[in-house]
Structure formats: C-alpha cells, structure tokens
Amino acid sequence: MLTHCDFADLRLFICIAQENSLTRGAERVHMSLPAASTRIKNLEESLGTKLLYRASNGVTLTPPGKVMLQHALGVQGQMERLC
C-alpha cells in the first residue's frame, strides 16, 4: 500500500522514464543522483513493486512501471490544467 508519494516523486519518475536514465532524470529535476535513487527506491518500497529495470546503460520500465507512468502523466496533466 502506498504510504507516501508527492508530486516531486511523480515528476522525478516521469523524467527518469522519459530519459531512460536515472542520472538524466535527476538532472532534469535538479536533484542529485543519490537523492533521486533514494526517492525512487522509497517509492518502489511503498508500492511493493519494482518500477525500473536498472542496467549499466540506463533504465527501462517494468510492467508496473509502465502503468505507474500512465497514472503519473495523468496526474501531471490534471495539475497543469488546474494551475
């Protein structure tokens, strides 16, 4: 069960997914790589599933990660329309 997730987590996750890179995703949100890695790890632990396959050449989304990306993009779109 998700116990903590904020818009910064969702934005970070979206950027990582779009870049296929933890490093470049963290850069896009002006966050250090260790901080980004910790936030994603905590998000995965909260959800009880892995969102990313990690490899030396980048990351790809797991099936649950693909679902999460669609939901995160939806939330981001709703926030943009609201503000």
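Colleague: Before we dig in, what are the ground rules here?

Modeller: This is a predicted model, where local features need pLDDT of at least 70, side-chain atom pairs count only at pLDDT 80 or more, and totals for chains, interfaces and linings use all residues. Residues are numbered from 1 along each chain as its sequence is written, and side-chain values use heavy atoms, with hydrogens and water left out.

Colleague: What is the mean pLDDT of the protein chain?

Modeller: The mean is 93, and 95% of the residues reach 70 or more. That score is the predictor's confidence in each residue, from 0 to 100.

Colleague: And where is confidence lowest and where highest?

Modeller: Lowest in H4, at a mean of 94, and highest in H2, at 98. Helices (H or I, at least four residues) and strands (E, at least two) are DSSP runs, numbered from the N terminus.

Colleague: Which residues of H1 are buried?

Modeller: Asp9, Leu10, Leu12, Phe13, Ile14, Cys15, Ile16 and Ala17. Buried means under 20% relative accessible area, exposed over 50%, and partly exposed in between (1.4 Å probe, protein chains only).

Colleague: What do they pack against?

Modeller: Helices H2 (22-28), H3 (33-47) and H4 (63-82), plus strands S1 (52-55) and S2 (58-61). Contact here means heavy atoms within 4.5 Å.

Colleague: What about Cys15, which residues does it touch?

Modeller: Leaving aside neighbours within four places in sequence, Cys15 is in contact with Gly25, Arg28 and Val29. The C-alpha atoms of Cys15 and Arg28 are separated by 6.8 Å, though the two are 13 residues apart along the chain.

Colleague: Are Cys15 and Cys83 buried or exposed?

Modeller: Cys15 is buried, with a relative accessible area of 4%, whereas Cys83 counts as exposed at 78%.

Colleague: How many disulfides turn up?

Modeller: Zero, in a search of the whole structure. The test is a pair of cysteine sulfur atoms within 2.5 Å.

Colleague: Switching to the strands, in what sense do S1 and S2 pair?

Modeller: Antiparallel, over four bridges; strands pair if DSSP finds at least two bridges between them. S1 and S2 form a hairpin with two residues between them, and Leu52 stands opposite Leu61 in S2.

Colleague: Last one: what phi does Asn20 take?

Modeller: A positive one of about 55°, just after H1.
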